[in-house]
Amino acid sequence: MNARTPSAVAVRDAIRRGELTAERAVGEALDAIAARNPALNAFVSVAGERALARARRLDRNGDTSGALHGVPVAIKDTICVRDMPATAGSRILAGYMPPYDATVITRLEAAGAVVIGKTNCDEFAMGSSTEHSAFGPARNPHDPSRTPGGSSGGSAVAVAADMTPLALGSDTGGSVRQPAALCGIVGARPTYGRVSRYGLIAFASSLDQVGPFGRTVADTALMQDAIEGPDEHDATCRATPPSSCSSTLDAGCKGLRIGVPRHLTTDGVDADVRDAFEAALDRLARSGATIDTVELPHSQYSIPVYYLVATAEASSNLARFDGVRYGHRTSDADTLEAMYARTRREGF
Amino acid sequence: MADPITARDVAHIARLARLDLAADEAEAFARQLTDILAYAAIVQQVNTPDLPSASSQDGSADGRSSEAGSAEGRASQRADAATPGISRDAALASAPDRSADGTLFRVPKVL
């Protein structure tokens, strides 16, 4: 692994002190991507000129108050960025350029962040290894023969391999949490309704949430604070503003009560994973948290509910990919019905 | 226990969904769909006599806060006033094929 590069907080603060420019921070991220991405395949598209132009505007503008000022960020390719490709990891969206920004992008840019590129993922976020991408698998930077996890594998790799300090992914059934764990970084799945899904290419509308990746908890909390909150474009986004994540960090673990469903930590868990889990609980306890054992008696229904809701919603959400308005269209159809079916045959 | 889904069922559903499936795919999906419907039987065992419908809630049950939020219980609404959407040019910008005057998506004929 390479020497650690600065955190998002460090990049922002260095720019504020005049020791770094946004243009330089972005340039260094682009250099890191050029050096490491060919072997890791974290990014499916990189918008170098656009990012540098934005960074120069930020430097000229002089206002460094944004919480993420000058910080390069990587965006999962299921999240729409205006005039950058969005493939959702699929051939069926070849050539699609969203005409709008997802709400999370608008908010990141309002906080001063610079979108560097779009990251690799399992097709339409359906998968847990990034092996089901139409653009080849992403590789774990700790051991490129291993998977980084998924579906937001590319975003996890971008952060774990020090290409960008922050990345956005999406989590429907674990797709931020699991790649964060497999790549050894921080990832959070916000409670449903905390973050707008407007501009997230939908997999399961009742389950999807955009979530942040960072190398530190402080960086991740900063990104979460920037993206969350009410949005008139998403009726499932809670109308009341959430409390700030960053503001709670100084309190540490004192007074935190953590419920551990031990009945879920027995079957099918490798011994070294269980040891690492227990060590983490021990560390939380020594930092002042109270650890209680809890029961989650309905957990046995979570897989059945997931496989009913997620598959049904995915079928509805992917019905729009038919070659009519955007993306791939088969050249081998002379009727509308054949066009739909063959476009999907070729594209999915 | 419901009858298993057959390859013929899958072929019918595929036609409705405008999907082209190979024969071996129809067999595989028949098995997978049968397994998924078995999950429905499991979920149907759960007794939920008095729970309010999920769609009437705003997800305001939050572990940390105690928002009772009857106001949150309504689906989010806004005034019934026209607001600008994306322009026609933007909507058609990624069109695989469009009419000569650029105003319409063009597709093969229906029959």
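This is a predicted model: local features need pLDDT of at least 70, side-chain atom pairs count only at pLDDT 80 or more; totals for chains, interfaces and linings use all residues.
Local features here need pLDDT of at least 70, side-chain atom pairs count only at pLDDT 80 or more, and totals for chains, interfaces and linings use all residues. Residues are numbered from 1 along each chain as its sequence is written, chains are lettered from A in the order in which they are written, and side-chain values use heavy atoms, with hydrogens and water left out.

**Around Lys118(A)**

- Lys118(A) sits in strand E3 (residues 114–119) of chain A; strands are DSSP runs of E with at least two residues, and helices are runs of H or I with at least four, numbered from the N terminus.
- Why does Lys118(A) count as buried? Its relative accessibility is 0%, and buried means under 20% relative accessible area (1.4 Å probe, protein chains only).
- The side chain of Lys118(A) reaches the backbone oxygen of Ile79(A) at 2.8 Å.
- Across from Lys118(A) in E3(A) stands Ile75(A).

**The sheet of chain A**

- Six strands form an open sheet in the order E1-E3-E2-E4-E6-E5, with mixed pairing; two strands pair if DSSP finds at least two bridges between them.
- Its edge strands are E1 (43–46) and E5 (186–187) of chain A, each of which pairs on one side only.
- E2(A) and E3(A) run parallel, with 5 bridges.
- In strand E2 (residues 72–76) of chain A, 5 of 5 residues are buried: Pro72(A), Ala74(A) and Lys76(A) point one way, and Val73(A) and Ile75(A) the other way.
- Strand E4 (residues 166–171) and strand E6 (residues 209–214) of chain A pair in the antiparallel sense over 6 bridges, and Leu166(A) stands opposite Gly214(A) in E6(A).

**Where chain B meets chain A**

- How many residues of chain B are in contact with chain A? There are 36, and they touch 34 residues of chain A.
- The two chains bury about 2,900 Å² between them, 59% of it on carbon and sulfur atoms; this is the accessible area (1.4 Å probe) that two parts lose on being put together, summed over both.
- Between the chains there are 3 salt bridges, each a side-chain nitrogen of Lys or Arg within 4 Å of a carboxyl oxygen of Asp or Glu.
- Arg15(B) and Glu337(A) meet in a salt bridge at 3.7 Å, N to O.
- Helix H2 (residues 23–43) of chain B gives the largest share of the side of chain B that touches chain A, with 6 residues.

Technical notes: Contact means heavy atoms within 4.5 Å. Buried means under 20% relative accessible area, exposed over 50%, partly exposed in between (1.4 Å probe, protein chains only). A polar contact is a pair of N or O atoms within 3.5 Å; within protein, one must be able to donate a hydrogen and the other to accept it, and residues adjacent in sequence count only if both atoms are side-chain atoms.
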